Structures are given as C-alpha cells and as structure tokens.
Amino acid sequence: AASFQLPVSSFTERPKLPDNYTQDTWQKLHEAVGAIQSSVSIKYNLEELYQAVENLCSYKVSATLYKQLRQVCEDHVKAQILQFREYPFLVHRNDSLDSLLFLKKINKCWQDHCRQMIMIRSIFLFLDRTYVLQNSMLPSIWDMGLELFRNHVISDKQVQNKTIDGILLLIERERNGEAVDRSLLRSLLSMLSDLQQVYKESFEQRFLEETNCLYAAEGQRLMQEREVPEYLHHVNKRLEEEGDRVITYLDHSTQKPLIACVEKQLLGEHLKAILQKGLDNLLDENRISDLTQTYQLFSRVKGGQQILLQHWSEYIKNFGTTIVVNPEKDKDMVQELLDFKDKVDHIIEVCFQKNEKFINLMKESFETFINKRPNKPAELIAKYVDSKLRAGNKEATDEELERILDKIMIIFRFIHGKDVFEAFYKKDLAKRLLVGKSASVDAEKSMLSKLKHECGAAFTSKLEGMFKDMELSKDVMVQFKQYMQNQSDPGNIDLTVNILTMGYWPTYTPMEVHLNSEMIKLQEVFKTFYLGKHSGRKLQWQTTLGHAVLKAEFKEGKKEFQVSLFQTLVLLMFNEGDEFSFEEIKMATGVEDSELRRTLQSLACGKARVLIKNPKGKDVEDGDKFIFNGDFKHKLFRIKINQIQMKETVEEQVSTTERVFQDRQYQIDAAIVRIMKMRKTLGHNLLVSELYNQLKFPVKPGDLKKRIESLIDRDYMERDKDNPNQYHYVA
C-alpha cells in the first residue's frame, strides 16, 4: 500500500494577486460596462469577464466592486436626463404629436436601460449571487438599476408629468375611438409598475379621476340622447373595453377600482332613471335579450337588483290590474292572465336566471292585483275550467288539457275568495254531469285531485259526492231495469233517473208542471221501487233538469228530437191538435211564464222550427198562436233542439254569488262562536285578528262587526258591562 503526503500550505495560503490586478481587472470591467451603455461591441469575451468578477469576489473585493459598479451605472443614468431636459416641454397636453414623440423617446430610454442592465447583470452574476444575496440591505443589481432610473429619470417632476400626461392622452384618444400604439402603452405602464410606487401614486390616481369625469359626463349626456336598450348596450361595450385595457396594458391591480368607477358613473348614478325610462317598454315588447342585459348589468351594482325588483313588481301589478278590473275584458280575462303568467315565467327563467327573489315577488304581485276585484276572477276561472272540461272542447290531447289545468291551478292559488270559485265550479260541474257533457272523466278526476291537494278534502267533499251520486245512479238504474221487466205492464217509455243527494248539488228551485198521466205513473213506479230499497228517504223531482227523446212523424218521414222536459210537454200537446195559443199552452203545461216563452222560442224561432209561430217574430208575445209544422225538414235523423239558455242567466249568477255570501255569514258566525267558546272572554281586536287567521276568504272589519252584533242579539255572547270592547261567551 502506497501512502501520499500532500503539502498542506497550498490550502491555507492564497496565492497573492499581482499588484495591479484589482485595478486592471476593474478597468477591463469598467470598459465593458461602458461599451454596453454605448451600445458598442465589447473587446473581451464574456466568459473572461465573468471569471474576472468571480476572482475579485474570491479576494474580498466585493464591497468595493459593488460600489464602483453602482457609481458607473448612476453616472450613466444621470446623463440620460439631459436629453429630456433639452426636450421642449409644452404646457398643453393636446399637442399629441409632440407628446407621442416624447413617449417614444422615454420608452426607448427605458428599453435601453433594461437591456443594458440585463447584460451587466449577466457579467456580474457571481457578485449578485454571493455578496449581494448575503447582504439583505443591498438591492440586487437589477433592482439597483430600477432604483437609479426611478430616482434620476422618472422622479424628475417635468419628465414624470409629461410621461403621465402623454399616457393619459393616448388612453383618452383610444376611448374616443382612435387607434393608438398599445404596445407603447403596455411598455410605459409596465415601466411605471416596475418602478414601484410611481404607478400607484402618480399614474393610477390621476387615471381614475379622469375616468370618473369622462364617464360622469358621458352618462349624463347619453341618458338624454339614447333609448334604454342602446344605452345599456353602450354601458356593456364600455365595460368590455375597460376590461380589455386591464388585460392589454394596465396593471391588474387597477381592474377593481376602474370597473367600479365605470359601473358607478354609467349605471349606479342612473338606476332609477333607466328603469323609469325603459323597463315597461322592454317588458311590454318582451325584449328578451335587452331584459337579460338589464338584469346582468343591474346585478353588478350595489342596490341594482333591489331597485329592479321594485320596478318589476310595480309593472306586474299595474299590467295585471288592467286585465282584472275592466268588466269589458271579462270574457278574455282568464286567458290573458294565463298568457301574462307564461310571459313573466319565461322572463324569470331566461333573463333573471331563475332568481328566487324575482319569483317570490312575482307571486306576491299576482296575488295583490288579482284580488283588487273581489269574486269576479274566481267566478271566471271556474267558468274557464268548465269551458275546457266540457265536451266539444278543441284542446286536442289529454296532455294539453292537463297542462292547461295545471296552469289554471297556479292562477287559482293567488285567489283569496276560493269559496266563490267552488260555488260556480259546482254549478258548472252539475250541468256537465247531468247533461252528460263532460269531455273526459279522467280530466274531471284530475282537476278534483288538484283542488283537493290545493284546498284540502273539505273543499272537494261535495264535488266528490256529485261523482259518487252519478255512479250510484247507474247501479240503481241497472236494478230498476230488471224491476221493470218483472212488471205486468212495463209501459213504452224508457225512464232513466239520476238520484242526487241534496247537500252535494247546487240548490235548484223546484217547479211544479203538469206531466201527462204516463209520466206520472212511471214516476210513482220508480218511487215505490226506490223507497222499497231506501225507506225514510224523500224524493223531490227536479223538472228543470229533465230531458227526453221524442219520436215524431212528418210528411218527409220519421225524426227523433232530443229535448228538455219543458219542450217535451209543449210538443206532446200537438198529438191532441194542430194549433194552440200561448195562453192554452201555459194552462196545459203549467210551465212558468218566462221559462215557457224561452221554450216556445226554441221550438218556433230557432234553427229547427218544429212549430210555426203566428204572427212571425223572434219574441213570444201574449196571444201568439203556435201551429205544428208538418213540412219540417232536416238533414239529420236525430236533432237536438237546445233550450234557449241565456248562457247563464243574470239571476242565476246573482243567486250563486248570493249563496256564497250567505254561506260566508254562517262560516263567520260559526268561527266567532268557536273562538268564544274556547276563550270564554276576549277583547274585540283579539277576536277580530283570531277570525282573520281562521277564515279562508277576504272579509271587511265592518262585516265582522255586524256578525258580532247579530250574535249578541241572539244571545250567543254578551258585551262586558264596564268595557264595551270586551265580550263574554254565553253558555
């Protein structure tokens, strides 16, 4: 094994530098820096220079080297200011050509400085990475360059003002639609950003002030000159432009205050004016894209959505009120309500991003305007449903009908007096069931279940009872047919009876008429049959609801007529003779005067004239004669002669409405007694507020007062002797 002895001295002692090494090396480096600053080629290769810096640093000359380098750079930067000092400084910013030349000059100076500092740093990299890094108080070579440029060039007041004036002028020109050198702007503004506080303190503040003034004036001017959609389009364009400026040449930190400034001056200051000037129009014309833009822009500004909500609500209430309160529009009211609801739903979905606040306020607004006119909307909704559920309705498919019923339920939900709806719905449902005019049992059942779901079982129990009666009647008739077959003399009239439970159906005024003997006999047979099965029940025949099929013979041949019971009684008289006067018919049939005139009108003045009226004329007068029309012709074999039904007579409508009010009185009385029985003693105001909670329909305080007085008169309750506003329950 060999052993080596190494001389130790070579590690402990550094070889001495030649006497003038530091001086000569610095001279070389100084020359190289000078060449870089003058943009001429360097005599030495960069590797050699880099090595020289490393050598100097190894021999503890770093501090001196850094100071010397800084001094050389400082002298060069100081010299740069002279070219700008000599530059003509103009007071006016609008000499844009001069301003642009100045900006290009300062930009070139900055670009040169950056390029030079990068090269200088690459030569002095060893110094930067060792000595400078270890001394936290010293700026890196790059930062030192920035500091010198800031202190000696940009901090010069004249240079700084002219630079910032020039930049602002370029931005102003660009905002006015001119094309400007954006890369120049980007370069200058990134220079200001690199020079730390210069951008924030000297540029940004002035830039935002000018932006504020520009957009304040522009907002005022354009609000006068432009229509709302064009104005909002312009605001959007401005916001996009300013956003683009941030991306292209402004510092990112400017984005927030800049956009906020545009929003405030073009939107925030004009929210109310924009909506007052143009929202109704946009909604009237259903301008979807403009409404979307309105919502998006208003959502950007503090309080914007709130004020849009208020105007949205006002619009719905105003527009809805015009649909509801005008009696001339009654025949189209429900369809218009449905169309209006579809329209606002579409706007909420597409333009307002299904915003919950807009949905809820829309519902409140609908509820407000629809109840401005009590009772009528409820009545018309019931009639609308009737028109859809009646046979012969043109809504083709079950799906379409179902969709319409769903929409109707939404409108129905807003109504306060649902009992009015129920009364009219019940009346129409009765007609559909009794005349067999229902379009589809499924649709009827579907509507019932919707009402049940919405208002509870109590609301629909009577309506369900009506369906039950119709089904039970079918079963009864099957049994009755069998019963008739076992009779010795079944007769030649086929009788079908619907047995209606009085409490479920609308109230019908019974009318005594003179039936012929065969009909009376049949009625008695049925009565015996039915009461044999259900003893203790009372049957009351409703002649107004009866109808019949009559066989008739004319010169042309045989026909069948589908007619009401009253029409039947009149026509059967002509088996006994060919001509009768109005008075004779009245005596014989016993039909009430106005009802009889309507009946004769339908037989002698309608499309199918089975009788001839003498003298001619469309109204039936006293003394008119009626003659059997033997020459009657019709293309159909079975003809339906409609009883002239004044659609729904005014009396019928009034009586339905009156029944609802009567029913409300009972409900109020019952509620008062219920509350008093539970509380025993109660003050007037508490009783009234408790009633408002319990009653399902709108009611005025005056009406409640009347009911309380009535109950006091009838000894259900009494006033306190000392305090007239206090009531006691009387057991």
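**Cavity and pocket**

The largest cavity has a volume of about 30 Å³. On a 1 Å grid over the protein atoms alone, a cavity is a set of points where a 1.4 Å probe fits but cannot get out; points are joined across faces, edges and corners, and the volume is the space filled by probe spheres set on them. The model is predicted, so local features need pLDDT of at least 70 and side-chain atom pairs 80 or more, while totals for chains, interfaces and linings use all residues. Residues are numbered from 1 along each chain as its sequence is written, and side-chain values use heavy atoms, without hydrogens or water.

Around the largest cavity you will find Gln37, Cys73, His76, Val77, His113, Gln116, Met117 and Ile120, each with an atom within 4 Å of a point. Two or more lining residues come from each of α4 (62-85) and α5 (96-123), with helices being DSSP runs of H or I, at least four residues, numbered from the N terminus. The largest share, 4 residues, belongs to α5.

Now turn to the second largest pocket, with a volume of about 880 Å³. A pocket is an open set with protein on both sides within 12 Å along at least five of seven lines. Its lining counts 31 residues, and Asp419, Glu422, Lys462, Asp663 and Gln667 lie nearest the centre. At least two lining residues each come from α20 (418-434), α21 (441-455), α22 (457-485) and α27 (650-679), and α27 gives the largest share, 10 residues.
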